[in-house]
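The plan is to look up one site at a time and write down what I find.

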Amino acid sequence: MSSTESRPDSTTLRIVLALALAFTVTVVDPLVLSLNLPEVSRALHVPPQAVGLLGGAATLVMAASVLAAGRLGDSVGLKRLLMLGLVVVTVADLLSVFSPGYGFLLAMRCAAGLGMTALLAVPLALLKVSTAPERRPVAIGCLMAVDVVLCGVIPAFAGWAVAAVGWRFLFLIAPLLCVASLWLTARYVPEPPVQRGRRLDVVGVTLIGVTLLALVVGLAAAQNGVLRPETLVPLGVSPSVAVLFVLHARRTPQPALDLALFRSAPFSVALAATFTLNLLIGGLGIVLGQFGSVVLSLSPESIGLLYLPGTLLIAGAVILAGGLIGRYSPRPVMITGLLVMATSGLLMAGTAGPAMAVWLLVPITWMCTLGSVVTSASVSETVLSEAAPGQSGTVASVQMAFAMTGAAFGPTVYVLLLDYFFRRQWLVDAKSRGLSVARAGRAVDAVRSGLAQSPGSTVYDPNLLRQASGLDLGLDFANGLRLTMLTVSVLPLGVAVLAFLLMSRHREPTD
């Protein structure tokens with residue numbers, strides 16, 4: 001295949017831009033709210049116990065309904081559903097600008113989450129049916145590049161705007177993106193044929209939604225303690241309902257999720273990769289927030305700026321990755337992206353310490369982000385190539401469901417590992433200083449400020465951290481972080497091995 005054949009034309013680029021803007025809303029809208037949640041909470045007098053719910057309401061709705069949106073798009077029309085989602089998000093966020101109180105804003109966040117479900121599940125499916133197969137890998141790379149650039153620039157701009165004009169400005173960002181996407185979609189994105197006669201598996205969609213929702217809720221609660229009922233109940237419900245779905249799917253002619261898809265080794269490896277990359281990206285925010293503020297005494301604004309350097313390089317790299325996928329196959333690109341993410345984790349494991357140079361965090365963050373988007377491009381091409389005619393929305397939404405599950409796992413896994421290894425380190429520290437376990441435990445409890453609920457928050461008070469009965473908790477924390485990063489780096493290495501063994505070395509014939 002020649003480079004000319006694989007290069008997107010002007011119409012394809014407009015389609016990519018329309019879909020990229022829609023997809024970016026699902027990342028930027030929750031992110032800018034999360035980063036500015038303290039200002040919103042103070043202004044609307046949000047109860048402390050409800051802050052987390054307000055910040056995660058849209059994400060919870062997306063997690064519960066993402067698969068339903070993909071299947072619904074196949075049934076009623078992908079373009080129609082995407083445009084409806086853009087309108088819903090626009091209206092919900094514009095109404096949020098005038099929120100008189102916490103309850104109203106929470107309701108609007110749920111409505112926005114419902115609209116964003118379509119923006120999460122549909123763009124990749126529309127990209128498959130709107131572009132020629134030989135141009136699709138580069139088109140996916142371009143979509144990811146637009147997402148990377150906007151997600152790097154908009155949060156920093158939003159923070160400045162909030163400081164200048166107030167928190168209500170936050171809810172104007174998504175409508176601007178939505179309106180631009182809506183115009184481009186209406187004008188340039190074709191409506192693929194609708195599969196008539198395919199009924200929506202309401203029972204299956206409900207079971208999957210409950211499974212994902214319970215899992216996300218349970219993982220969020222696990223950050224405050226694994227053995228609490230708030231954690232154990234939803235984590236017990238999730239696998240139980242998943243088993244019910246499997247039994248249901250085997251008896252249903254047209255299930256919400258065709259389990260036969262998982263018989264394809266490349267498809268299963270791609271889903272493992274998307275779960276892993278989202279877990280690592282989600283956990284990285286926790287690591288940077290806790291280590292940066294606790295040990296290195298960085299401000300949240302400084303931590304956020306770690307993501308900016310190299311944004312354009314990442315955007316260029318993911319477009320190049322799309323070209324390589326089209327020329328060869330997703331396999332080498334996926335393996336490379338996973339290895340880059342593993343290298344980022346190993347670099348953090350080898351350099352983290354109380355005297356660590358701050359500039360080292362820039363390449364660590366850059367490599368993790370680069371590896372994630374390169375891997376994501378190869379995952380999307382692998383998953384979309386498995387979609388039968390009329391099932392692009394369903395198959396693309398499966399990828400998004402695994403992505404959201406990985407993102408939900410990330411913060412919890414990192415926090416639990418960090419807490420476990422930190423405990424081991426301060427126990428060794430206490431023993432070397434002749435302190436009893438009880439005395440050392442009281443000292444640690446005195447400086448503990450609770451588990452992190454979102455990237456940028458801290459686990460332990462950085463000022464009291466240095467005054468704990470002679471314990472060197474800064475070093476103990478850094479050593480716990482190094483062990484955590486060493487542990488999680490095994491995941492991308494393992495998936496890279498699976499990709500090497502189970503995926504095709506050569507590009508399959510275009511569909």
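**Entry 1: the second largest pocket.** I looked up the lining of the second largest pocket in this predicted model. I found 16 lining residues. Ile208, Thr211, Leu212, Leu257 and Phe402 lie nearest the centre of the pocket. The space inside comes to about 380 Å³.

Which helices supply at least two residues each of this lining? I noted helix 10 (202-222), helix 11 (229-251) and helix 17 (392-432). Then I sorted the lining by class. I counted 14 nonpolar and 2 polar residues.

**Entry 2: the whole chain.** I stepped back to the chain. I find 20 helices and 0 strands. The chain has 511 residues, and 55% of them count as buried. I put its accessible surface at about 20,800 Å². Carbon and sulfur atoms hold 68% of that surface.

I also checked how far along the sequence contacts reach. Among contacts with a separation of 6 or more, 84% join residues 24 or more positions apart.

**Entry 3: helix 7.** Next I turned to helix 7, residues 123-130. I noted that helix 7 is mostly covered, with 7 of its 8 residues buried. The buried ones are Pro123, Leu124, Ala125, Leu126, Leu127, Lys128 and Ser130. I see a lysine, Lys128, on that list.

What do the buried residues of helix 7 pack against? I listed helix 2 (10-35), helix 5 (78-97), helix 6 (102-121), helix 8 (136-165), helix 16 (361-385) and helix 17. Helix 17 was also in my pocket entry, as a supplier of at least two lining residues.

**Entry 4: Ser130.** Why does Ser130 count as buried? Its relative accessibility is 15%, and the cut-off for buried is under 20%. Ser130 therefore falls on the buried side.

I then traced its surroundings. The side chain of Ser130 reaches the backbone oxygen of Leu126 at 2.6 Å. Leu126 is itself among the buried residues of helix 7. Leaving aside neighbours within four places in sequence, I find Ser130 in contact with Ile15, Val189 and Pro190.

How many residues separate Ser130 and Thr12 in sequence? I get 118. In space, their C-alpha atoms are 7.9 Å apart.

Key. Residues are numbered from 1 along each chain as its sequence is written. This is a predicted model: local features need pLDDT of at least 70, side-chain atom pairs count only at pLDDT 80 or more; totals for chains, interfaces and linings use all residues. Side-chain values use heavy atoms; hydrogens and water are left out. Helices (H or I, at least four residues) and strands (E, at least two) are DSSP runs, numbered from the N terminus. Buried means under 20% relative accessible area, exposed over 50%, partly exposed in between (1.4 Å probe, protein chains only). Contact means heavy atoms within 4.5 Å. A polar contact is a pair of N or O atoms within 3.5 Å; within protein, one must be able to donate a hydrogen and the other to accept it, and residues adjacent in sequence count only if both atoms are side-chain atoms. Accessible areas come from the Shrake-Rupley method with a 1.4 Å probe; for residues, only the protein chains shown count as cover. On a 1 Å grid over the protein atoms alone, a cavity is a set of points where a 1.4 Å probe fits but cannot get out, and a pocket is an open set with protein on both sides within 12 Å along at least five of seven lines; lining residues have an atom within 4 Å of a point. Grid points are joined across faces, edges and corners, and a volume is the space filled by probe spheres set on the points. Ala, Val, Leu, Ile, Met, Phe, Trp, Tyr, Cys and Pro count as nonpolar, Asp, Glu, Lys and Arg as charged, and the others, Gly among them, as polar.
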